[in-house]
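This report goes through a structure part by part, from domains to single residues. Please keep the sequence and the 3D view open while reading.

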Amino acid sequence: MAAAGCAQELPEKIIPYVVQPDEVVPGVATWYAGSCGECSSGCGVLVRTREGRAVKVEGNPAHPISRGGLCSIGQSAVQGLYDPDRIREPLRREVGGTFKPVSWKEALEAIAEAMAAGGAAGKETVFLTNPLSGSVRKLVDEFTSKVPKASHVEYYSPDEAVQHAAAEQVFGPGAKVYYDFSLPKMIVSFGAGFLETWGSPVEYTKAYAAGRIPDAEGKVSRFVHVEPRLSLTAANADYWVCNAPGTEPAILQALLKLIVDAKGVGGEPAQAVRGVVVAKALAESGVSEAKLREIAEQLMKARNSVVLAGGAAVSGAHGTVAASLALLINVALRNIGTSVLVDRGQRTVPANANEPVQALLKRMGSDAQPVGVLFISGVNPQFVLPRQAGFASALGKAGLVVSMATNLDETARLANIVLPLSTNFEAWNDSEPQPGVFNLNQPSMQPLYRTQSFGDTIVQLAASEKINKPFEDIVSFEDYLKRTWRERTGAAGFDSRWLRYVEAGGEWSSRKRLDDALQPRSGAAAVVSTALQSTSAKAVAGLHLLAFPTVHLGDGAYANRPWMQEIPDPMTTAVWGSWVEVHPDAARAAGVQGGDVVKIVTQGGAIETPVYINQHLHPQVVAMPLGQGHEALGRYAAGVGVNPYAVAPLSESAWGPQLLFGSVDLVRSISKEELVILQGHDSQKGRGITRTVATAALAAGAGGHGDHGHGKGDHGHGKNGAHGADAHGHEGPSLEDFHLQHHDPLALGPHPEPKQMYRQMPHVEYRWGMSIDLAKCTGCSACVTACYAENNVPVVGKDLCSEGREMSWIRIERYFDGPEHRPVKAFQPMLCQHCGNAPCEPVCPVYATYHSDEGLNTMVYNRCVGTRYCSNNCSYKVRRFNWFDYEWAQPLNWQLNPDVNVRGVGVMEKCTFCIQRIREGQQVAKDAGRPVQDGEVVPACAATCPADAIVFGNLNDLNSGAAEGHRSPRSYKVLDAHINTQPAIAYLAKVVHEDGEAKVS
Amino acid sequence: MKRFLLGIGLLGVSLTVAILTARAVGIAAEEPSQEELEAGLWRDGKAVFSDWKLLDLFIPEQYARGYRPEQPVHYSHRLHVEQLKIECQYCHSGVNKSSYATVPSLETCMGCHKVVKQVTGATGESPEIKKLQEAWDAGKPIEWVPVNNLPEHVQFNHQRHVKAGVGCQNCHGQVQKMEVVERVSSLKMGFCVSCHRENGASIDCGVCHY
């Protein structure tokens, strides 16, 4: 009766198309190439649509920037599309302050009227946007040039602004710097989170990860990260240098000095550090001269290297100096044209890229009220600008404020007219993220609501008689975009080429080679040296606040996507909220403990949030994630956490939000707020769950011993008080206390599976398996988001997460039990291991989970009666139970993958190795009359992984990538030697440099 | 509820009868009718337990055999398939390339019915074809009532079965003879598994359930 009982929901009607589009076969996915519009990196994507709805985004393997990878934020774009709080039609503010829906025609006419009236009164029309590129940029340029007193102002994120300024400072006007991480054998990063959100993270991660596995000579790249906080990027480094906050310019100076002196380099790099005394420069930095010398030597010894400065290291008054120094170091090391690529064809930006925004706010706020119409698009100034910038009050003095947004965010709420924007799935778009790489994004579905793209809105506005029709004959943005492409690529044979561009998602055959070894402009050094002399770059006493963007929320635009709230931050594993990371010493001084709520008082205001005790932090730094603290945006974002941007002090010299600033106080607060941390324990208790192997040991011979934890003495580090046994000082028995293992449990390399008393399931044709290379995995969590998207994994909310009832099928394990300079040994994706001898299977009373002849640990939902015995017996804790029927707020449910069941209440679920993709691959193979080929079936996690760390395949096929991983001398299986589970997943130990470890400063 | 109580009562009686009959006659001795064979109720000369008609009383009628809902348009498969000899795949065009057989778009219907307005031999415009025309003019799809329903936890793929040479009638019965389509097979797991067994197809749970 059980089967009938499961089928109580009655089917709906069958509603066929009236006219079925040629490309649609119901039940078969249609793919469209496009580009990701979530940040400015410009990754290529493939959008999977089913019956006219986008359901999944994948990286486009043919794209030159992302090469098939896609980050967590890119994966979540579909939740931006189906955001239940999207604006569905144009809105106009009524006298009472409420918004009322109006038609597009009415809205655009009101705007044109205001522009006409403002024009007559000599007032300005201003566009305030994010940095634009491609046709939309050209369109705005043309529009502003044809409409009297119109201008365009771009807002740059704090880091972008500095990078622009530094590039122009060193290489002259119009310069912009790109990085190639495939070459450097030595990477030194000052605060630049290039594996998280800095620059073009997918591109960088892909190249960086490839350099982390031993090459033909057995060598791997070396990576040193300098930052006062152990960021995700820092945790990936071979050596993390914890410097005093704000001393980065001084350290960079010292590093340049050492290199200049040792190499005898002249010119601008030498000019910049003339008279610098290394010991003096390093005096308050917390970095020893010996350590810096070692870094400098390794930089000079390496065949190729790169030095970066970004994030908090380039924040504040000396930000541009720090970034310029990093570029000059690259000049001295002859990295320009190899790993550091400079283009000089860009448009110039002011020395402080956000100076035009500052000027605009001043004008807006002045009594003359010169701004008649202000368009805001792609930026949320009310959220990203400090309160001291007074954006809201300035906005109140502008004439007509038109916000073009997908959601009613903090800025849109203040506008007079809100125009709903289409997402990248619904509109044409193009961009040029790198010189010669032209992305083309086609709509992959019809707009869900009455929304339009930014480009179409301008085209329609321009058609108005009231502003004298600045464009004569453009009918749509698509038409305009096509025209720009025709102009650029030539008219001959354009129509057939156009289809190829659309199909490919762009055109990059003429990607510009930036291999000129450019020299810095003369005088580049002067600015650096005078800036540093005029003010002291010494460490300032007292606490500093360091704000950092995260891999899920960036700096805030993605906060209303439930996945981005619920998928844990990889370092703290915190969900659904903000926190402030405090060093144990600082916590003691302030009298606070982990989990307490504190008030963080800055010169720009005060905010309250729970404390997370973090030992991996400079004692003078408290750190907070960006992205939370929305007052608006939508149901999932509003009221969650706090926004450190808001309380940043504003300085005239470096106007804009700062990521690192001093004069911060911590005051214990009486309010209560729970910080939900998902990882139960920070130590692996010597179980060898994540392992490393030194290059020397690897070179000495296959296998060998991994660098593992040290049993009982291997204590976990400081810990948030909310969870975990460590806080109470309990140390459970280590696995080394039990002598059950059949061979050295921590040895690396393939081992014969032991015999067992039960008959083994024969795997005749396929044995699906995986190998995960920890040397490549950076912990970026893109796989987790991809899994949520592919497998209809429900979001349960903060309360259920705090009870340990999150539903993720794959998680990133992070243990703090490495050496001091490398506290996290490795990040490790943990998912169902599809054990050959699975503990979960024999305990199921109803055979709902069993081992299939393809090697899958299959979970039959309709058979499950919910005893949860399997989860109790699972050694990897990867099974999830549906305690409730979870909901997808309409229309988030439109994203659900039609090929995967939505599991109901009372049912256990877990990773299936994307069985639906295996079945699809088997179909293709069967039609072709051959077995599935290697690489034909790629699970969602492996497909998106920017590092290519996950390889899936048939272990029976000895030539498959997965089988090769299983044979690697670095391979090991988690807990297998202890409990003989015989997992189908082999992990490959992370490769580390031992020599560096011996010379700990 | 009434159906359920009736079902319980009948189950008791018929179980007794079934056991006694099976003992006295032996199930193999029973000869399946042609109709039952076509409906897939018999395998290797043995009745499939889960296909006992009695069990239909315990499930919603939408999942029971004999379900014959009224459709918005009276479409006769007998007329189109048996008499006019239109292939199944002309309308159910997705059946060999998708997991769904797919129901034809209105455009497919109108391909003929722009011209064909009356049933052969009848006089005047057919009221059913008129419904099509009206929907076409309004740009509205016809909302058909599904007959052969499967629960959500089953992943059934038409394409694979058609390519393996399984005829439509094996599961759907003699649709070409039906004036109104009705559910002939239970489409329950026993029904599927017995056929998979006989034909050497995989009976791994993970083939259909994921």
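## Domains of chain A

Domain bounds here come from an automatic or database domain assignment. On that basis chain A is divided into domain 1 (91–154 + 354–431 + 450–467), domain 2 (159–343), domain 3 (544–677) and domain 4 (702–709 + 723–998). The model is predicted: local features need pLDDT of at least 70 and side-chain atom pairs count only at pLDDT 80 or more, while totals for chains, interfaces and linings use all residues. Residues are numbered from 1 along each chain as its sequence is written, and chains are lettered from A and ligands numbered from 1 in the order in which they are written.

The centres of domain 3 and domain 4 of chain A, taken over C-alpha atoms, are separated by 32 Å. Their contact takes 15 residues from domain 3 and 17 residues from domain 4 of chain A; two residues are in contact if their C-beta atoms, placed from the backbone, lie within 7 Å. On the domain 3 side, α21 (562–566) and β27 (676–677) of chain A each supply at least two residues. The largest share of that side, three residues, comes from α21(A). Helices (H or I, at least four residues) and strands (E, at least two) are DSSP runs, numbered from the N terminus. By class, the side of domain 3 of chain A that touches domain 4 has 10 nonpolar, three polar and two charged residues. In this count Ala, Val, Leu, Ile, Met, Phe, Trp, Tyr, Cys and Pro are nonpolar, Asp, Glu, Lys and Arg are charged, and the others, Gly among them, are polar.

## The barrel of chain A

Six strands of chain A form a closed barrel in the order β20-β25-β22-β24-β23-β26, with mixed pairing. Neighbouring strands of this sheet are turned by 45° against each other on average, direction ignored. The axes are lines fitted to C-alpha atoms, for helices over the stretch in contact, and angles run from 0 to 180 degrees between N-to-C directions.

Strands of a sheet pair through backbone hydrogen bonds, either parallel or antiparallel. Two strands count as paired if DSSP finds at least two bridges between them. Strands β20 (residues 543–548) and β25 (residues 621–625) of chain A run parallel and are joined by five bridges. His544(A) stands opposite Val621(A) in β25(A).

## Other elements of chain A

Helix α9 (residues 248–263) of chain A has 16 residues and should span 22 Å at 1.5 Å a residue, which agrees with the 22 Å between its end C-alpha atoms. The expected span is 1.5 Å times one less than the number of residues. Of the 16 residues of α9(A), 13 are buried. A residue is buried if 20 or more other C-beta atoms lie within 10 Å of its own, exposed if 12 or fewer, and partly exposed in between, with C-beta atoms placed from the backbone. Gly264(A) follows α9(A) and has a positive phi near 65°.

Strand β36 (residues 950–954) of chain A has five of its five residues buried. β36(A) pairs with strand β29 (residues 768–773) of chain A in the antiparallel sense over five bridges. The bridge partner of Ser771(A) in β36(A) is Val951(A).

## Backbone exceptions in chain A

Most residues other than glycine have a negative phi, and most peptide bonds are trans. Gln890(A) and Pro891(A) are joined by a cis peptide bond, with omega about 0°. Pro891(A) is in the loop between β34 (880–881) and β35 (908–909) of chain A.

Asn792(A), which is not a glycine, has a positive phi near 55°. This residue is in the loop between α24 (782–790) and α25 (798–802) of chain A. Asn792(A) has 21 other C-beta atoms within 10 Å and is therefore buried. Asn980(A) also has a positive phi, about 55°, although it is not a glycine, and lies in the loop between α30 (976–979) and β38 (985–988) of chain A. Asn980(A) counts as partly exposed because it has 18 C-beta neighbours inside 10 Å.

Chain B has 10 helices and two strands, in the sequence pattern α-α-β-β-α-α-α-α-α-α-α-α. Of its 210 residues, 21% count as buried. Among contacts in chain B between residues at least 6 apart in sequence, 67% join residues at least 24 apart. Just after α6(B), Gly139(B) has a positive phi of about 70°.

The contact between the chains takes 35 residues from chain B and 32 residues from chain A. On the chain B side, α5 (106–113) and α10 (205–208) are the elements that give two or more residues. By class, that side has 16 nonpolar, 11 polar and eight charged residues.
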